[in-house]
Amino acid sequence: MVAGRLPGLLFLLHAAARLAAEQEVENLSGLSPNPEKDIFVVRENRTTCLMAEFAAKFIVPYDVWASNYVDLITEQADIPLSRGAEMKGKCGTNESELEISWLERAYALKLFFLKEGHNTSRGPEAFWRLSRIQFSYDTSERTYFKDAVSPGKHTASSHRLSALVTPAGKSYECQAQQTISLISSDHQKSVQLLLSEVRIQPFDITADFVFSEEHKCPVDQREQLEETLPLILGLILGLVIVITLCVYHIHHKLTANQVQIPRDRSQYKHMG
């Protein structure tokens with residue numbers, strides 16, 4: 001009986017070892033000059049299939065006893081995403097996932113990405129988006145939660161999320177801070193996820209460890225326009241001044257070459 005099961009067991013072990021060899025996950029946060037920014041890479045078959053760079057912080061409300069030990073008051077925990085966090089990843093044709101955990105899994109962040117097609121006026125186009133976020137936290141962990149009432153594990157999740165919408169084949173980039181609200185299992189409290197300096201691509205990476213062309217978020221596009229608009233207006237104004245001076249010079253030159261008609265009629269007898 002044991003001998004009959006041995007080949008199957010060896011096959012499962014071989015398959016597991018092969019799967020582990022084919023998929024790699026790497027935390028490259030130490031390469032970032034920003035100590036608050038994390039870099040994560042998922043590779044399958046020696047090829048990068050998901051890359052993510054961002055700075056993240058969670059603002060989590062929780063209850064503590066008031067000084068009279070009768071009333072409850074709400075405190076706020078500011079939880080940054082720690083460097084050196086553990087990670088897991090999953091790449092697919094239309095669905096990808098990234099899971100990050102830290103402080104012995106007291107905190108875990110899961111990001112779910114979805115690629116889908118839409119019909120537009122220009123025809124069918126493909127986009128990818130961040131479709132769901134799940135954040136689990138433990139209020140019995142004392143680094144960020146002080147004297148929490150009824151400490152325990154909770155999960156905060158997004159509701160009908162459609163964020164970071166990006167054309168297929170491109171990476172999403174946004175330097176500006178973005179706030180995403182999550183609803184917690186802890187009495188429906190609202191947990192805020194603050195993201196900044198974001199660069200993410202969960203699909204269609206063509207070069208190993210290299211993002212594809214970036215798709216900037218609307219806030220960055222607006223800020224870039226605000227920075228370049230004065231320069232553009234200055235160039236236009238300068239061009240208008242140059243054109244005006246050129247027209248004036250040409251007009252002055254043409255009128256100077258024309259025959260001047262005497263204004264004194266007594267001078268007409270000398271003409272002809």
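1. The strands β5 (residues 86-90) and β6 (residues 95-102) run antiparallel and are joined by five bridges, with a hairpin of four residues leading from β5 to β6. Strands here are DSSP runs of E with at least two residues, numbered from the N terminus, and two strands pair if DSSP finds at least two bridges between them. Buried means under 20% relative accessible area, exposed over 50%, and partly exposed in between, with a 1.4 Å probe and protein chains only.

2. On how to read the values: because the model is predicted, local features need pLDDT of at least 70 and side-chain atom pairs count only at pLDDT 80 or more, while totals for chains, interfaces and linings use all residues. Residues are numbered from 1 along each chain as its sequence is written, and side-chain values use heavy atoms, with hydrogens and water left out.

3. Strand β2 (residues 37-44) is largely enclosed by the rest of the structure, because seven of its eight residues are buried. β2 pairs in the antiparallel sense with β1 (residues 23-27) over five bridges, and with β3 over eight bridges. Val 41 of β2 stands opposite Glu 26, and Val 41 also stands opposite Met 51 in β3. The hairpin of β2 and β3 has two residues between the strands, and there Asn 45 takes a positive phi near 55°.

4. Which residues touch the most other members of the largest nonpolar core? They are Phe 54, Phe 58, Val 60, Leu 98, Trp 102, Ile 133 and Phe 135, in a core of 48 residues, to which β3 gives the largest share, nine residues. Another core, of six residues, lies apart from it and has among its members Leu 28, Ile 39, Met 51 and Ile 205. A nonpolar core is a set of buried Ala, Val, Leu, Ile, Met, Phe, Trp, Tyr and Cys residues joined through side-chain atoms within 4.5 Å. Not counting residues up to four places away in sequence, Phe 58 touches residues including Ala 77, Trp 102, Phe 135 and Val 191, where contact means heavy atoms within 4.5 Å.

5. The largest pocket holds about 190 Å³ of space, and its lining includes Asn 34, Lys 57, Gln 177 and Ser 196. The elements that give two or more residues to this lining are β3 (47-65) and β13 (190-201), and β13 supplies the largest share, four residues. Ser 196 belongs to strand β13, is buried with a relative accessible area of 18%, and touches Phe 54 and Cys 174, among others.

6. Asp 147, in the loop between β8 (123-138) and β9 (153-157), has a positive phi near 55° and is exposed, with a relative accessible area of 59%. Arg 160, in the loop between β9 and β10 (163-167), has a positive phi near 50° and is exposed, with a relative accessible area of 77%. Most residues other than glycine have a negative phi.

7. As for the pocket term, on a 1 Å grid over the protein atoms alone, where a 1.4 Å probe fits, a pocket is an open set of points with protein on both sides within 12 Å along at least five of seven lines, and lining residues have an atom within 4 Å of a point. Grid points are joined across faces, edges and corners, and the volume is the space filled by probe spheres set on the points.
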